Amino acid sequence: MSSENQDFNKSKAFLIDMTKCTGCRGCQVACKQWNQLGAEKTEFFTGEGYQNPPLMSEYTFTRIKFRDYEKNGQNEFAFYKEMCMHCNEPACASVCPVGAFKKTKEGPVTYDADRCIGCRFCMVACPFGVPKYEWSKALPLVRKCTGCYSRVKEGLKPACATTCVSAITYGNRDEMIKEANKRIAARPEKYLKKLYGSEEAGGTSVIYLTALPFDELGFKPVTKRPLPSYTWQALRLVPGIFLTVGSSLSLLSWFNHRKERIAKEEEQRKSGATPKEES
Amino acid sequence: MTAAKIIANEIKGYHRFVQFLIVLVAVGALASLARFVFGLGVTTNLNDTFPWGLWISFDVVTAVPLAAGAFTLGAIVHCFHIKKLEPLVRPAIVTGFLGYSLVCVGLLLDLGQPQRGWHTLVYWNPHSPMFEVSMCVMAYTTVLFLEFLSPVCEKFGYHVPLRLLRTLEMPLVVAAASISTLHQSSLGTFFLIAVDKLHSLWYNPLLPLLFWLSAMCAGISIIIVEATMSHKYMGQPDESELLETLAKILPWVITVYLTVKFFSLFALTEGPLTNRPGLLILFVVEVVGGMIIPLFMLMSRKVREDGRLRATAAWLVIAGIILNRFNVSMFGMEAPGTFYYPSFIETLVTVGIIAAHVLFFVLIAKYFPIFEHHPETVDYSIPDHFHKTEKGHAHGAAKA
């Protein structure tokens, strides 16, 4: 949880304009190459359109989701590039018992495989369903998009953003949001007048522009509040509760034992036997 | 050779049921071996949609409240000073210690990297409920182990450690109650992060408090069931009178639990409650069958005094809490149209763990003084260090 007091405006973000996506899936290939991910045996045409592979997995950190729809009586494709959203305040980083996830100041949320104990809480917590597990292994770890942190910290763009010819812009988050709003203002008939990612889960480092409503494309409806705050409102009480329960029970038992001891002494005094005689 | 023979003969003398339990435990151990050889993906029905399954839902999230008897009873007897319940404490501690040890076993099987379990001790993340729970479970298992050492030392006649343990008794009881409060509730905090996943029938900000209150209900009910059964099947002393007292406390805890539950359901819940009929049925069964019916049963003196009816009510509470934990950690988390059921191997492991619990309890009760404990012969009052004028007096009282 290094994200506190961080200015997210200056961290890097993706602006992904789905109206400019052609569905070439060059980003998927670039991602596999840079991260050296294995191939997956899949069936073509298992999803809508040319969607393949069917789901993100331990071998697939990003993929283009296809959506068939009709416009002016013609069949059209709409796309959604699914990937890690690199939340400003990531749920995965807050729930990880060993702090394996970290929001870097550059923007990407990184994962430290050497720390991970494989509890899969990140997978339960992530509102976007991003972390995936190495189900094929006996001692599995978590895999997810790293935002190409190794490239970004050296001043390069992420692999998918470098490959993409049209849809992905990469830069400071405030500039990306400004650019997105500019595009909406310039061509209001083309865009849905909402950004996905500017407020979702408290704000993310991936901002989407689309033509179709988000839920139709497969975007998950997500709370606007940063997720870590949901658990922290209970967890912050932990030290207080520990001290309160501990001290009140100690006091209570001290009081009750004292009462018993006094009663016992009283009884002994009444029976007339002094302890000195006893011992 | 002879030692093996003695053990084999000893096992031959056991009851059929105990031998059956040994088989179940052995099968469970083999099944868990398969998990490490073939991997989690092959042996379980877990996948990226259902990262947590039976092992988390039962072996951790349900087993922890079921082992809550030790801390609840410890606090009732030693802190609230209802001393006549003392004979029930030791069996409760044994159950708790076994329960928590097996929680650790279940957790290690479920972890992807069990050999790195110690990482939680080194890389702290206080923002994680999982960190909190794992620290508490480790601490509390240690506390329970120390409490469990008393009958062991008695058995072998180690007097010096016994004295030390007796001095530690009160601090251990208080530590047990405080640590348990933390992790029983933090198990509820786990699911606070599942904002848009857990159905609003169960999701509300008071989930941790509800988990803690229901854990106490579970703890008390388990003690009632356990004492009834060990009287019936193991020929242990009849504790009916004490169980009546416990059965009098239980409805109060249930009432508090239900009050908080209905308050949070109607006042704090955002989102629709009746949009998933299946979940609604599960919720109604859990609350009515598992809490409201036993509450009304236990309010009548006739039920409290009748051993069978009392145990039935306690069983209902236990079933209600098991269903509640499954609702929160499994059924309520499933998105519409998706379904998880445990694989054969997952089931074998969990059955093995339950069998191990019963088996070890029976064996410990057989070889260690668990039920033969006579607390009335022991003076549990805290030594009087400040009562200087009557120093000799207090010492005399302690010896007498």
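Helices (H or I, at least four residues) and strands (E, at least two) are DSSP runs, numbered from the N terminus. Angles go from 0 to 180 degrees between N-to-C directions, with axes fitted to C-alpha atoms, for helices over the stretch in contact (C-beta atoms, placed from the backbone, within 7 Å).

Those strands form an open sheet in the order 8-1-9 (chain A), with mixed pairing; two strands pair if DSSP finds at least two bridges between them. Its edges are strand 8 (168–172) and strand 9 of chain A, each pairing on one side only. On average, neighbouring strands are turned by 20° against each other, direction ignored.

Strand 1 (residues 12–17) runs parallel to strand 9 in chain A, joined by four bridges, and Leu15(A) sits opposite Ile207(A) of strand 9. From strand 9 (residues 206–209), Val206(A) and Tyr208(A) point one way, Ile207(A) and Leu209(A) the other, and all are buried (20 or more other C-beta atoms within 10 Å of their own; exposed is 12 or fewer, partly exposed in between).

Now for confidence. Chain B has a mean pLDDT (the predictor's confidence in each residue, from 0 to 100) of 88, with 92% of its residues at 70 or more.

| Chain B stretch | pLDDT | Contacts beyond four places in sequence |
|---|---|---|
| residues 379–384 | under 50 | 10 contacts |
| residues 386–400 | under 50 | 16 contacts |

The complex gets an ipTM of 0.88 and a pTM of 0.89 from the predictor.

Residues are numbered from 1 along each chain as its sequence is written, and chains are lettered from A and ligands numbered from 1 in written order. As this is a predicted model, local features need pLDDT of at least 70 and side-chain atom pairs count only at 80 or more, while totals for chains, interfaces and linings use all residues.

How values were computed: Contact = placed C-beta atoms within 7 Å.
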